[in-house]
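I opened my notebook today to look at one protein fold, piece by piece. Come along and check each entry against the picture.

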Amino acid sequence: MGHMTGKTALVTGGSTGIGLAAATRLVEEGAHVYLTGRRTRELEAAAEALGERAIAIRNDVSDLDDLDRLFARIADDGRRLDVLVANAGGGESGQELETLTPESFDRTFGINVRGTVFTVQKALPLMDDGGSIVLTGSTSARRGVPGFGVYSATKAALRQFARVWAAELAPRGLRVNVIVPGPTDTPGLRGLAGNPEQVAPMLGGMARSTALGRLGSPTEIAEALLFLASDRSSFMTGSELFVDGGEVQVYP
Ligand SMILES: NC(=O)c1ccc[n+]([C@@H]2O[C@H](COP(=O)([O-])OP(=O)(O)OC[C@H]3O[C@@H](n4cnc5c(N)ncnc54)[C@H](OP(=O)(O)O)[C@@H]3O)[C@@H](O)[C@H]2O)c1
């Protein structure tokens, strides 16, 4: 019996990458897991691989009506949430200050910040005392990487929301923490390269930014995320946990 047996979790952006790895570990530890994403094929493949304790719901976190439908569905299933992993998000290339467009800015803030804020807000009625909320941050919020201004600002915003929400939700017995991945080999990261020839040099540069000299795997992030999601981190709130191969802590 795993240490999440009897718990129910929602992982937004659970169809690929870090979210899928988190959903996988939660299911392995006995939880029922709802996972979301916008692309149906990726979502269904993930749910099928995870087995009967995984439930896929197509959802776009930047669409507030869609978020209402997601939580109505979970309530209709008669379930409450012990764990919320607000992970859906990502960046895009071409966001250097001189080339940034308002559309690109709004898209990134709309998913990473607005989407996360209202995911958490709308999940609250389904969460009880002892619940754990984990936001996916990024080491980029601590660094000045050219081209990542908008993305890193969204993650810095989440880091600050976590502090405030930890204070606001403590009286309800809810904890809020941030998992902070360094460069992690996911479809989302690879998608940042402008073309296939740029993938290897881009990943190589990112690997060299860590003290361990390599990218993380989604499972390595998920192990730490699982800790924040579980009662094993019961005295942590408003905190951030770096899983970054030393990118920020060793080479600040
Ligand atoms: N990989 C890294 O190096 C790294 C480092 C630090 C932080 N992060 C963060 O980790 C999180 C996961 O990223 P990843 O690297 O695992 O990328 P990924 O493989 O692209 O996974 C992103 C997930 O989010 C979903 N998603 C994206 N936009 C969504 C939306 N509007 N509504 C619902 N779901 C949405 C995607 O599915 P659909 O596209 O089908 O919607 C997918 O399931 C992100 O918040 C990212 O910023 C990643």
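What order do the seven strands of the open sheet have? I note first that this model is predicted. I read the order as E3-E2-E1-E4-E5-E6-E7, with parallel pairing. Strand E3 (54-58) and strand E7 (240-243) stand at the edges, and each has a single partner strand, so one side of each has no neighbour in the sheet. I also looked up the twist, which averages 20° from one strand to the next.

Entry: I picked strand E6 (residues 175-181), which four bridges join to E7 in parallel. Ile179 sits opposite Leu241 in E7.

**Entry: a helix across the sheet.** I found helix H8 (residues 218-229) lying across strands E1, E4, E5, E6 and E7. H8 runs at about 170° to E6.

**Entry: two helices side by side.** I reminded myself that two packed helices are described by the angle and the distance between their axes. The axes of H4 and helix H5 (residues 149-169) come within 9 Å and cross at roughly 15°. That makes H4 roughly parallel to H5, because angles under 35 degrees count that way. The crossing is right-handed. Among the residues that meet are Phe105 and Phe109 in H4, and Phe161 and Trp165 in H5.

How values were computed. Residues numbered from 1 in each chain as written. Predicted model: local features only at pLDDT ≥ 70, side-chain atom pairs only at ≥ 80, totals over all residues. Pairing = 2+ DSSP bridges. Helix = DSSP H or I, 4+ residues; strand = E, 2+ residues; numbered from the N terminus. Axes fitted to C-alpha atoms, helices over the stretch in contact; angles between N-to-C directions. Contact = placed C-beta atoms within 7 Å. Parallel < 35°, antiparallel > 145°, perpendicular 65-115°, else oblique. Left-handed = near helix turned anticlockwise from the far one by under 90°.
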